[in-house]
Amino acid sequence: MKFGPVPIDEAEGAVLAHATAAAGEKRFRKAHRLSGDDVAALKAAGVGEVVAAVLAVDDLGEDAAAAKIAAAMSHRNIEVKPAATGRVNLHAGAAGVFTVDAGMIDAINAVDPAITIATLAQHAPVEKGQMVATVKIIPFAVAARLVDAVVKVCAGREIFAVNAYRPINVGVIQTVLPGVKPSVLDKTLRVTEARLARSGGRLTAERRTPHEVAPVAAAATALARDNDMVVIFGASAMSDFADVVPAAIERAGGTVIRAGMPVDPGNLLVLGTLDGKRVVGAPGCARSPKENGFDWVLDRLIAGLEVTAGDIAGMGVGGLLMEIPTRPQPREPAVQPARSALKVDIVLLAAGRSSRMGGPNKLLALFDGEPLVRRTAGRALGSKAAGTVVVTGHQRERVRAALAGLSVTVADNPDFADGLASSLKAGIAKVAPDAAGAMIVLGDMPGVSSTDLDSLIDAFRRSGGHAVVRASHQGKRGNPVLLPRSLFAAVAQLEGDTGARHLVEAEGLDVIDVEIGQAASIDVDTREALEGAGGVLQD
């Protein structure tokens, strides 16, 4: 391929490097391949030369090259999107844990700078529809021999995969010492239930025992019989490798694979097996919904991946997560809140009448056996948001019942029939006074994941908390929408069926659109849409 100025008489078949105007209103976009008629129009407009790429006989155009490389890859649970502008995006076909052959990726990127592939990190948790990799051809064309070299690298083994989560049953043991509050144990159950919900797992049973080896061993034996996994929360943190939790696993006839991990928070995790089932001694930080080492191990196990002592030993690089501010002796002096610490609350709108359903409440429809409103609230709780406010109205008691046990704040809206504005006001009024922003999440969007919510929160924090952040799909605005605190007063003045979009357009704030895929535009307003998304209406 040759790139540079090309005389207009030699430009037929060339690929434009820049948008170029011809006579009248005719305009040729960047990367447009010029035809004979195009050349004639440009000449008529007085254009003497264009900056373009002229392909050699053995060159492949950018789209063809990207598509050929993507087609040569072997992968699982991956959806390949059509090539466009020299790029092929690959998306997760299921929620799960991403694994990648780093050696193959490096080998492809070493063939030639014209050909690139980028992926998510090894063992990254992903939601269905999330982009996991992208193939990009840098110039407008690339030599076919280079593409063939990449195809050869791809042959023979799997390059990456999404290891889909399995719907497993989990039994929980919580040990008790004098002074342990029942409210702490109850909250731990709620957090664990929300943590499992993001991957399809289910908490089936709980045993509360003294913090002693024998009763913990007996409870673990009983729970292992009827569950796929047992999680033990100790009332006292593990202080020795022969402490209560690892000792109880061995007393029950199990094996301790690893006690302690190089991830902080999460150092005090214990991993073992009992009767062919995994037993996890959760670190104390797992009582919080914030990411910690327990999440890293739990997600992999639910995705069916083996976790060995060596795997845990290898988690140190990248294993330093955020400092826990409640430590009695923090390793470093406290610092003032930074952008990364800006607090965001979620306002989940669940007050509507589902009028287009003709009777049943869509928010109570079952998705994989779980009410939609509970599923959405669980994903909100599994995100980086500091708190979740659920606005109720229509069938408020049934909606509250569906949310039972979840750590949410309920804001009842008696004026829900007046329109959307009343629900927005009711929800914003319950947002924490120190929250920098509020994300408005619609209760009827089943595809929006915790990861999607985190993407919006991250973008909001990068903006310093001053921008409006919207979810988008292929350049079209969608939901959720994150509003900065500067708009809260304006929300309080809304009336009727006016929503946040009016404020975004009227206030003149910076707007950041975050691509989250189809989830941004799929709601379930009708029976057909709900059933097509996998929901089952309840009377």
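Modeller: One definition before the helices: axes are lines fitted to C-alpha atoms, for helices over the stretch in contact, and angles run from 0 to 180 degrees between N-to-C directions. Also, this is a predicted model.

Biologist: Fine. How do the axes of α6 and α7 cross?

Modeller: Helix α6 covers residues 213–226 and helix α7 covers residues 244–251. Their axes come within 8 Å and cross at roughly 55°.

Biologist: What do you call that orientation of α6 and α7?

Modeller: Angles under 35 degrees count as roughly parallel and 65 to 115 as roughly perpendicular. The α6 and α7 pair is therefore oblique. The crossing of α6 past α7 is right-handed.

Biologist: Which residues meet there?

Modeller: From α6, V213, A214, V216 and A217. From α7, V244, A247, A248 and R251. By class, this contact has 7 nonpolar residues, 1 charged and no polar.

Biologist: Now α3 and α4. How do their axes cross?

Modeller: Helix α3 is residues 102–109, and helix α4 is residues 144–154. The axes come within 9 Å and cross at roughly 170°. Over 145 counts as roughly antiparallel, and α3 and α4 are therefore roughly antiparallel to each other.

Biologist: And which residues make the contact?

Modeller: M104, A107 and I108 on α3, with V150, V153 and C154 on α4. By class, that contact has 6 nonpolar residues, with no polar and no charged ones.

Biologist: Switching to rings. How many aromatic pairs does a search of the whole structure find?

Modeller: The search finds 2. One of them is F98 with F160, a tilted pair. The centres are 5.9 Å apart, with 35° between the planes.

Biologist: Where do F98 and F160 sit in the chain?

Modeller: F98 is in strand β10, residues 96–100. F160 is in strand β15, residues 160–164. They are 62 residues apart, and the pair links distant parts of the chain.

Biologist: Are F98 and F160 buried or exposed?

Modeller: Both F98 and F160 are buried.

Biologist: Last one, I8. Where does I8 lie?

Modeller: In the loop between β1 (2–7) and β2 (15–16).

Biologist: Why does I8 count as buried?

Modeller: Because its relative accessible area is 6%, and buried means under 20%.

Biologist: What does I8 touch?

Modeller: Leaving out residues up to four places away in sequence, I8 touches V39, L42, K43, V47, G48, E49 and V50. Take E49: it is 41 residues from I8 along the chain, yet their C-alpha atoms are separated by 4.6 Å.

How values were computed: Residues are numbered from 1 along each chain as its sequence is written. This is a predicted model: local features need pLDDT of at least 70, side-chain atom pairs count only at pLDDT 80 or more; totals for chains, interfaces and linings use all residues. Side-chain values use heavy atoms; hydrogens and water are left out. Rings of Phe, Tyr and Trp (its six-membered ring) pair if their centres lie within 6.5 Å; planes under 30 degrees apart count as stacked, over 60 as edge-to-face and the rest as tilted. Helices (H or I, at least four residues) and strands (E, at least two) are DSSP runs, numbered from the N terminus. Buried means under 20% relative accessible area, exposed over 50%, partly exposed in between (1.4 Å probe, protein chains only). A crossing is left-handed if the near helix is turned anticlockwise from the far one by less than a right angle, and right-handed if clockwise. Contact means heavy atoms within 4.5 Å. Ala, Val, Leu, Ile, Met, Phe, Trp, Tyr, Cys and Pro count as nonpolar, Asp, Glu, Lys and Arg as charged, and the others, Gly among them, as polar.
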